[in-house]
Amino acid sequence: MQITREESPSNLIRAFEPGRIRIGQEWLTGNLIVTADVIVSDWRPVNPGRVTATDLKPALDEKPELIIVGGGTDVIAPDIELMQELAGFSVGLEYMQTQAACRTYNVLVHEGRRVAAALILETDSVEVR
């Protein structure tokens, strides 16, 4: 019997390390937004500590039910005003460290949820499990 690794047609995050992230077999550099179907590379939030709805427009264009903001190694306090603004579009918003955001994004994609991850990449090399 031949055993093969399951391949997904969705954009799944396999690993990240300083300044780059691997989606499927491709390494991408810099901050990015990823959904199951779309990758927006070179995403440049004006202030990573204070992401705005304008910053998240590429994610909102994909009509997710949830956006996860991965703030690097820092824990970013939720922006209540932004959460309320996105709730007006029926979009939830979660903030977490990038490593946790990658894992959570993958789980939700596997569940078939419409999720977008807006990821700020930093310096620690980590394999996503």
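**Local features of the predicted model**

Aspartate 42 is partly exposed, with a relative accessibility of 47%. Here buried means a relative accessible area under 20%, exposed over 50%, and partly exposed in between (1.4 Å probe, protein chains only). The model is predicted, so local features need pLDDT of at least 70 and side-chain atom pairs count only at pLDDT 80 or more, while totals for chains, interfaces and linings use all residues. Residues are numbered from 1 along each chain as its sequence is written, and side-chain values use heavy atoms, with hydrogens and water left out.

Aspartate 42 sits in the loop between β5 (39-41) and α1 (57-60). Helices (H or I, at least four residues) and strands (E, at least two) are DSSP runs, numbered from the N terminus. The phi of aspartate 42 is positive, near 55°, in a residue other than glycine. Serine 90 is not a glycine either, and has a positive phi of about 60°. Serine 90 lies in the loop between α2 and β7. This serine 90 is exposed, at 62% relative accessibility.

Helix α3 spans residues 98-110. From first C-alpha to last, its 13 residues reach 18 Å, close to the 18 Å expected at 1.5 Å a residue. The expected span is 1.5 Å times one less than the number of residues. Buried residues of α3 are Thr98, Ala101, Cys102, Tyr105, Asn106, Leu108 and Val109. Seen down the helix axis, the buried residues of α3 fall within an arc of 165°, so they line one face. The arc is that of the directions from the helix axis to the C-beta atoms. Cover for these residues includes β1 (13-17), β2 (20-23), β4 (32-35), β6, β7 (92-96) and β8 (115-120). Just after α3, glycine 112 takes a positive phi of about 80°.

Strand β6 holds isoleucine 67. Isoleucine 67 is buried, at 0% relative accessibility. Contact means heavy atoms within 4.5 Å. The C-alpha atoms of isoleucine 67 and valine 91 are separated by 7.1 Å, although the two are 24 residues apart along the chain.

Aspartate 79 is placed in the loop between β6 (66-71) and α2 (80-87). Aspartate 79 is buried, with a relative accessible area of 11%. Its side chain reaches the backbone nitrogen of leucine 82 at 3.1 Å. Leaving aside neighbours within four places in sequence, aspartate 79 is in contact with Arg50, Val51 and Tyr95.

How values were computed. A polar contact is a pair of N or O atoms within 3.5 Å; within protein, one must be able to donate a hydrogen and the other to accept it, and residues adjacent in sequence count only if both atoms are side-chain atoms.
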